[in-house]
Amino acid sequence: FETDNPSVLGFIRQYKGDRLVVLANFSEHGCRIPANRLRIAGMGRFFEDVVTRKVLSTSDSIPIAGYQY
């Protein structure tokens, strides 16, 4: 899906009703992805980062550090 940042790859995988959103920043610079991009892609209001286990909201922009996935 479109992330509004040419350095960030975003895609969604679905399996048996579960969704996995992958955001990968290929730049050394951190950035923020507009949360409405996730809502447009079909995500709910809240989701869990499977790496950090933090719950994130699609009402805020999503911060991504340099080279973070």
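The legends below describe close-up views of a predicted model.

Local features are reported at pLDDT of at least 70 and side-chain atom pairs only at pLDDT 80 or more, while totals for chains, interfaces and linings use all residues. Residues are numbered from 1 along each chain as its sequence is written, and side-chain values use heavy atoms, with hydrogens and water left out.

**View 1. Confidence along the chain.** The mean pLDDT (the predictor's confidence in each residue, from 0 to 100) is 90 for the chain, and 100% of the residues reach 70 or more. Helix α1 (residues 35-40) has the lowest confidence, a mean of 85, and β3 the highest, at 94. Helices (H or I, at least four residues) and strands (E, at least two) are DSSP runs, numbered from the N terminus.

**View 2. The largest nonpolar core.** This core consists of 10 residues: Val8, Leu23, Cys31, Ile33, Leu38, Met43, Phe47, Leu56, Ile62 and Ile64. A nonpolar core is a set of buried Ala, Val, Leu, Ile, Met, Phe, Trp, Tyr and Cys residues joined through side-chain atoms within 4.5 Å. Buried means under 20% relative accessible area, exposed over 50%, and partly exposed in between (1.4 Å probe, protein chains only). Two or more core residues come from each of β3 (31-33) and β6 (62-64).

**View 3. Asparagine 25 in strand β2.** Asparagine 25 belongs to strand β2 (residues 18-25) and is buried, at 3% relative accessible area. A polar atom of the asparagine 25 side chain lies 2.9 Å from the backbone nitrogen of serine 27, and one lies 3.1 Å from the backbone oxygen of alanine 65. Not counting residues up to four places away in sequence, asparagine 25 is in contact (heavy atoms within 4.5 Å) with residues including Val8, Cys31 and Ile64.

**View 4. Asparagine 5 ahead of β1.** Asparagine 5 sits in the segment before β1 (8-15). The asparagine 5 side chain reaches the backbone nitrogen of serine 7 at 2.8 Å. Leaving aside neighbours within four places in sequence, asparagine 5 is in contact with Cys31 and Ile33.

**View 5. The two salt bridges of the structure.** A salt bridge is a side-chain nitrogen of Lys or Arg within 4 Å of a carboxyl oxygen of Asp or Glu. Aspartate 4 pairs with arginine 37, with the closest N and O atoms 3.0 Å apart. This pair links the segment before β1 to helix α1, across 33 residues. Aspartate 4 is partly exposed at 44%, as is arginine 37 at 23%. Arginine 53 pairs with glutamate 48, with the closest N and O atoms 3.7 Å apart. Arginine 53 is exposed at 55%, and glutamate 48 is partly exposed at 43%.

Technical notes: A polar contact is a pair of N or O atoms within 3.5 Å; within protein, one must be able to donate a hydrogen and the other to accept it, and residues adjacent in sequence count only if both atoms are side-chain atoms.
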